Amino acid sequence: MNAGNALFIVGALLCLVGALSTVIARSPIRAAMGLLITIIGIASLFLKLSAQFLAAIQIIVYAGAVVVLFVFVIMLIGADTSAGPPKSGGSVGSRIVAGGGMAVLSGLGLLLLARFDGQPVRFGPAAVGHGDVEAVGGLLFREAIIPFELATALLIVAVIGAIAVARSKARPRPAPPESHESKRLFHGPLHPRDAQRPLSKEPAE
Amino acid sequence: MDAWLSNPFVHGLVYGVVVVTALMTVTAWSIWFERKFAGRMQSRTGPTLVGPYGLLQPLADALKLLQKEDIVPKDADRVLFNVAPPLTVLFALGAAAVVPWGPEQIAADLDVGVLFILAMGGMVVFPVWIAGWASNNKYALLGGMRSVAQGISYEIPLVMAALVPVVLCGSMSVSDIVRFQLEHGWLIYSAPVVGFLAFLLFFLASLAEANRIPFDIPEAESELVAGVTTEYTGMKFGLFYLAEYLHTLVISAVASALFLGGWGGIGGLAPGLHWMVLKTLLLFGAIFWIRWTLLRFRADQLMTLCWKYLVPGGLALVMAAAAWVHWGAFAGTTATPAPAPAEQGAR
């Protein structure tokens, strides 16, 4: 076993452990941390493919931004609202349906990977430098510039839309109560006689 | 021997041990230095009792921390509570892996080194936040939330400031950026206004990422007791303390590599490891100076500074740097072919 394989095994184990703990964990915070472990595992798999740029971006974008957003959402909703075991746990039938559906889906995935003659499809080795800065930059800004820009425009529209939806409509402010000059000075009930007087003792011009 | 050392894993291991040991030692004595420094600034003497000039104070502190009772609060999330302190040190140290201390003294010369540093900086918020949440203490939780909010806000100007040297030098490898500066002069003056402003922006944003004063609202002791470290005792608290200083030291090293010419000599003197150490320690000292001079921001002032001033400023800087390169301010560098991707051995 060489070092690259060791890296693969570590990365794959991180992915599996993280994914399992994301699904199994009762506390949403622990689930988010499991997701974080999965993302670090995926980044090390990118490293194994010598796609260092993708690995760094994976950490920055997914761990540094997406998981942080999850954490924020969890904190906003309240981490304790969904903690604890579910009350009824669902019926046995629903569990069987869910587990069976998952098994069928995984089997389908395996079938797609393995041809029907039983030989697994072998992917070619990753091209050297397929995930470095030049390759990804060339793809983004040369070959796929139009879809890329369209996607950014879509995201900006989505962000603006989200802000517009989230912000409540500006209500008309209630008019400020009319304040009399002498009330402003003394904060007290105003005798009608005093209202006629000037505010200061200096003679009015 | 040479062939054996050039194996990237052995190389990384050896240099990793050296760098970690050196950083840990410097960090321990920087705490002594800071206490002396703060003492002198405030007409006190600082530590004097343990050893000559109080020089053994860090050892005494460590012994004291090790002897303390290790308390985990009853309703705390035990696993996360215990995992958080070592993780803070891990991520704070992680960025040091790609910092070039000299022409050959680098643990891992990644060709995406700058991104790696940013990734590690972004990850630092997690252990702090985990600690805040797992403590099950409202002050710790508030501190953790502030830390996350501050971390993701200041990461944006940090990324933009780090983009400026990348754009100017045309490489994401930290050692390539230093070599470019050896050739064309330090970025802080060879790209006059842009480089200097980018350096300031990088410095400010990394201070915020490291939770140093004036950006240390996650552990504002006047509001939040001790922030995320409220429930931690003994060496676990010590790890948080250590991580803060380590992070500060590492960002000083990164800033001096990205903007101050790394191991390049001052005034045409021969380049070498000592220049990098000198620049790093000077920046580190400047951070202490800032800490004992300035007050703490309020949480809303912190966000205002970031989103209203630093982020637009960072965007403008990146545009300016791109224009700078486009119109060929560094003669002959606009058309340099990208360096061939470095062979990463067994990876």
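Predicted model: local features only at pLDDT ≥ 70, side-chain atom pairs only at ≥ 80, totals over all residues.
Residues are termed buried under 20% relative accessible area, exposed over 50% and partly exposed in between, with a 1.4 Å probe and protein chains only. Residues are numbered from 1 along each chain as its sequence is written, chains are lettered from A and ligands numbered from 1 in the order in which they are written, and side-chain values rest on heavy atoms, without hydrogens and water.

By these limits B:F240 is buried, at 8% relative accessibility, and B:Y232 is also buried, at 5%. Aromatic pairs were assigned to rings of Phe, Tyr and Trp (its six-membered ring) with centres within 6.5 Å, planes under 30 degrees apart counting as stacked, over 60 as edge-to-face and the rest as tilted. The search of the whole structure returned twelve such pairs over all chains. In one of them, the ring centres of B:Y232 and B:F240 lie 4.9 Å apart with planes at 65 degrees, so the arrangement is edge-to-face. B:F237 and B:Y241, by contrast, are stacked, at 6.0 Å centre to centre and 20 degrees between the planes. These two residues are four apart in helix α12 (residues 234-259) of chain B, a separation of about one helical turn; helices (H or I, at least four residues) are DSSP runs numbered from the N terminus. B:F237 is partly exposed at 31%, as is B:Y241 at 34%. Both belong to a cluster linked by ring pairs, which also contains B:F33, B:F37, B:Y245, B:F284 and B:F288.

Helix α2 (residues 8-41) of chain B has 34 residues and spans 46 Å from first to last C-alpha, close to the expected 50 Å, the expectation being 1.5 Å times one less than the number of residues. Its buried residues include B:V19, B:L23, B:I31 and B:W32. Just beyond α2(B), B:S43 adopts a positive phi of about 60 degrees.

Helices α10 (residues 192-209) and α14 (residues 299-326) of chain B pack at about 145 degrees with axes 10 Å apart; axes are lines fitted to C-alpha atoms over the stretch in contact, and angles run from 0 to 180 degrees between N-to-C directions. Contacts (heavy atoms within 4.5 Å) join residues of α10(B), including B:L197 and B:L201, to residues of α14(B), among them B:G314 and B:L317. The contact residues comprise eleven nonpolar, one polar and no charged, where Ala, Val, Leu, Ile, Met, Phe, Trp, Tyr, Cys and Pro count as nonpolar, Asp, Glu, Lys and Arg as charged, and the others, Gly among them, as polar.
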